[in-house]
Amino acid sequence: MSSRNVGDIAAFVAAAEAGSFVAAARIRAMTRSGIAKSVARLESRIGVRLFHRTTRSLALTDDGRIFLERCTRILSDLEDAELSMADGGGEPQGILCLTAPATFGRVVILPVLNRFLAAWPKLRAEVSLTDRVNDIIDDGYDLAIRIGDPRENGSLIARTLTRQQDVVVASPGYLSTRPLPLHPDDLMDHACLSYLSAGRHRSWRFAIEGKTWPASGSVDTQSGCHNGIGGVECSVASSVVSSRSKRFG
């Protein structure tokens, strides 16, 4: 609906409530002819006569009374919508749809989100914790939190929130039967647990004195796990070395 259409409706309501085009013109800060033209456009557009006009009186037709009731409600809803935005003062409200990695989401994001929602009680959240890479736009998410380098996408805005430092861990039982690895090269002789994503094992790669190790290839992994919590549980319960790992020393 165009702004002119809304203006014509407002002029019609003013004329109906005031009882004359002259009085409506004063209310709307318009000329009498301006009100008359707005009402005439509206009648022409909807194909209905709204007023019985004489030189001395203005009375609603039956259709005009029905239309007035609906138009009054519509204008009231528009005013309420405007006031609700103004009264909100910029306060977040509505539903925030968010997706984040499963483990990082449970351990880090959810506690922060709970504090955020407590601060903004008019806001609700729908959260999907998954390591599957969602299509943010097609899946209807407002915000996606991901670990790793941002992907090029001209329709999205990416921001670095924090940096994660990963370490290599192993269960005490495992290290009681195997030598302690001191360099990534030593891991070639160890049973390692990798992170499993989309059916593929993610490589272990390390940064050593500004260089990436290994330059090509990766540590051979004996087992895979779909999330970080599972990896910790496996490394504690079994005899494996676990990592989402990047650092040694």
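Let's start with helix H2, residues 21–28, where Phe21, Ala23, Ala24 and Ala25 are buried. Buried here means under 20% relative accessible area, while exposed means over 50% and partly exposed lies in between, using a 1.4 Å probe and protein chains only. Helices and strands are DSSP runs, numbered from the N terminus: a helix is H or I with at least four residues, and a strand is E with at least two. After H2 comes Ala29, whose phi is positive, near 55°.

A quick word on what we are looking at. This is a predicted model, in which local features need pLDDT of at least 70 and side-chain atom pairs count only at pLDDT 80 or more, whereas totals for chains, interfaces and linings use all residues. Residues are numbered from 1 along each chain as its sequence is written, and side-chain values use heavy atoms, with hydrogens and water left out.

Now, which residues touch the most other members of the largest nonpolar core? They are Phe12, Val13, Ala15, Phe21, Ile35, Val39 and Phe51, out of 18 residues in that core. The elements giving two or more residues to this core are helix H1 (3–18), H2, H3, strand E2 (58–60) and helix H4 (62–88). H1 gives the most, with six residues. By a nonpolar core I mean a set of buried Ala, Val, Leu, Ile, Met, Phe, Trp, Tyr and Cys residues joined through side-chain atoms within 4.5 Å.

Take Ile35 from that list. Setting aside neighbours within four places in sequence, Ile35 is in contact with Ala11, Ala15, Phe21, Ala24, Ala25, Arg28 and Met30. Contact means heavy atoms within 4.5 Å.

Next, find Ser38 in helix H3, residues 32–46. Why does Ser38 count as buried? Because its relative accessibility is 4%. The side chains of Ser38 and Asp8 are joined by a polar contact of 3.3 Å. A polar contact is a pair of N or O atoms within 3.5 Å; within protein, one must be able to donate a hydrogen and the other to accept it, and residues adjacent in sequence count only if both atoms are side-chain atoms. Not counting residues up to four places away in sequence, Ser38 touches Asp8, Ala11 and Met30.

Let's move to a sheet. Three strands form an open sheet in the order E4-E3-E5, with parallel pairing. E4 and E5 stand at the edges with a single partner strand each, so one side of each has no neighbour in the sheet. Two strands pair if DSSP finds at least two bridges between them.

Strand E3, residues 94–100, is mostly covered, with five of its seven residues buried. E3 pairs with E4, residues 123–129, over seven bridges, and Ala100 stands opposite Leu129 in E4. On the E5 side, residues 143–144, two bridges join the strands, and Thr99 has Ala144 as its bridge partner.

What about the cysteines? Cys71 is buried, with a relative accessible area of 1%, and Cys97 is buried too, at 18%.

Finally, the overall picture. The protein has seven helices and 12 strands, and 30% of its 249 residues count as buried. Among contacts with a separation of 6 or more, 62% come from residues 24 or more positions apart.
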